[in-house]
Amino acid sequence: MTKDLAAAVNRRRTFAIISHPDAGKTTITEQMLLFGGIIRNAGTVKARKTGKYATSDWMDIEKKRGISVTSSVMQFEYQGKRVNILDTPGHQDFSEDTYRTLMAVDSAVMVIDSARGIEPQTIKLFKVVSQRGIPIFTFMNKLDRDGRDPLDLIAELEDVLGIEGVAMNWPIGMGQSLKGLYDLQHNRVELYHKNDQDRFVDLDAAGQLPESEPLSQDPLYQKTLEDIELVKEAGNQFDLQKVLAGKQTPVFFGSALTNFGVETFLDSFVKMAPAPSSHLVNGDQELSPEDPEFSGFVFKIQANMNPRHRDRIAFVRIGSGEFNKGLDVHLARTGQIVRLNNATEFMSSKRVQVSDAVAGDIVGLYDTGNFQIGDSIYAGKDEIVYPPLPQFTPELFMQVSAKNVMKQKSFHKGMTQLVQEGAIQLYRNYSTNDYILGAVGQLQFEVFSYRMKNEYNSEVEMQSLGSRVARWIDPDQLDPKMASSRNLLVKDQAGEPLFLFENAFAERWFKDKYPDVKLTSRL
Ligand code: G4P
């Protein structure tokens, strides 16, 4: 049994795709699902993409999606591996959930638009992934369009993100003149616009195309050879240990839209990406994923937007052991025992009851209010507590109050529950005690207001404080006189004081004025 469990765990590959909106995350996900045999036609995932809808339509989207679990985790078999792709909502859906999802994966794929290079949302998501020290694989997308020089794109990884990039393949031409990919890893050229069967041409021992291949005479191919010469001499050397430690990222070029280079990427990815690894639990204990006792942690809770169905789904990353239906688990936070009768695992097209979920997989538990984000659950006798999920620094802030002052009770109840769920962050004005909400994405405020009205019968009034830079201050150094309208002083849920600076300029001004005061940010 243990041997079976080890084998099952070792073939799991659980990852998320990080990118800036429009870099091609949906398109590449879709191609992967096609290779995984989960969907037959391109367009299936695309149709779900909420970013295409206006914000006001989101309710409708949730209604259509039901509780919208199917797009949160996509699972398929590929080359003997069980692949789990966790969705990281972008566009208007961007929220703390996106960040927390990155706590539940073993590696990440970073998709970059080769014409735009590294964009702001990629930087934010990269930081979170990089803190965890997990491997990151890069796909430079949209090669069928004119983009930036490949050497430039690789240098930018180091300059902007501070990670070594090492090319696994190299474009031959680009945009209209894209001819193929020189595949350094497999010593072959992958031709653009060729049938599946004959698109690969092997290179000779010197790394040259045979003369019979017309491309060998093309100046673009000669240019690629020169680039490769340069990359081999001056570029980073591939080092799997560095990749696994998140210090180096293998870079693959391609075009998701024309399905060029995606299969090569996926093949290499499943070979190199790590299986689930151990977690540090109970402070400093190493817990192997192959430990037979089931345990896991809740990284996301999704509420049903339909008030007639008040169930929620708690997403659990299994950290050790195997999940079985009807399992009794301990909820570490309360000591309570919960029977896990109603759970789902995820296929992209249908929800199925869990049959064989092991460490590395995600299960969705129907929840009537037992679970909170960050909760640890375990089935054995010994307590297992996973480390708390990191707190992320919100960027958008709103002052909020109950529209009807007579309804303070439901206002407080709703707010407490939604904050507990992790849907939004709550702060209080340091001097007036007014409520201030913080979020990573604008949509979170709309969801909050909608749910307050529909689930708690409490209409709210919100006044935007705009985008702010949140910085915590050591309480011993705090003097309330430091606060002004440009640096609003508030306290967080734990009572810790922080300033909400109007902008980076206001923060710099403050630092100049109080050079001895230490300001810190969360992730
Ligand atoms: P996202 O999930 O990262 O936000 O990006 P998505 O895949 O939706 O892609 C964003 C846009 O970029 C889409 O165009 C998509 O077709 C296009 N795209 C993705 N990969 C490639 C590629 O390799 N080459 C080219 N040329 N385009 C690519 P759109 O016009 O916004 O959507 P649609 O109207 O084409 O569906």
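## Close-up views of a predicted model

View 1. On one side of H7, Pro 219, Glu 226, Glu 233 and Ala 234 are exposed. The model shown here and in the other views is predicted. Helix H7 runs over residues 219-234, 16 residues in all. From its first C-alpha to its last H7 reaches 22 Å, close to the 22 Å expected at 1.5 Å a residue. The buried residues of H7 are Tyr 221, Thr 224, Leu 225, Asp 227, Ile 228 and Val 231. An α-helix has 3.6 residues a turn, so residues three or four places apart point the same way.

**View 2. The second largest pocket and its lining.** The space in the second largest pocket is about 650 Å³. Its lining is made by 30 residues, and the closest to the pocket centre are Ile 373, Leu 389, Gln 391, Val 419 and Gln 420. Helix H4 (96-101), helix H10 (408-420) and strand S25 (425-429) are the elements that give two or more residues to this lining. Strand S25 gives the most, with three residues. By residue type, the lining of the second largest pocket divides into 15 nonpolar, eight polar and seven charged residues.

**View 3. Domains on either side of the second largest pocket.** Domain 2 covers residues 279-378 and domain 3 covers residues 396-520. Both domains give residues to the lining of the second largest pocket, so the pocket lies between them.

**View 4. Ala 332 in the loop between strands S17 and S18.** Ala 332 is placed in the loop that joins strand S17 (327-331) to strand S18 (337-340). Ala 332 counts as buried because its relative accessibility is 18%, and buried means under 20%. Ala 332 and Glu 383 are 51 residues apart along the chain, and their C-alpha atoms are separated by 7.0 Å.

View 5. Lys 403 is found in the loop between strand S24 (396-402) and H10. With a relative accessibility of 47%, Lys 403 counts as partly exposed, since exposed means over 50% and buried under 20%. Lys 403 and Met 462 are 59 residues apart in sequence, and the distance between them in space is 9.1 Å, C-alpha to C-alpha.

Conventions:
Residues are numbered from 1 along each chain as its sequence is written. This is a predicted model: local features need pLDDT of at least 70, side-chain atom pairs count only at pLDDT 80 or more; totals for chains, interfaces and linings use all residues. Side-chain values use heavy atoms; hydrogens and water are left out. On a 1 Å grid over the protein atoms alone, a cavity is a set of points where a 1.4 Å probe fits but cannot get out, and a pocket is an open set with protein on both sides within 12 Å along at least five of seven lines; lining residues have an atom within 4 Å of a point. Grid points are joined across faces, edges and corners, and a volume is the space filled by probe spheres set on the points. Helices (H or I, at least four residues) and strands (E, at least two) are DSSP runs, numbered from the N terminus. Ala, Val, Leu, Ile, Met, Phe, Trp, Tyr, Cys and Pro count as nonpolar, Asp, Glu, Lys and Arg as charged, and the others, Gly among them, as polar. Domain bounds come from an automatic or database domain assignment. The expected span of a helix is 1.5 Å times one less than its number of residues. Buried means under 20% relative accessible area, exposed over 50%, partly exposed in between (1.4 Å probe, protein chains only).
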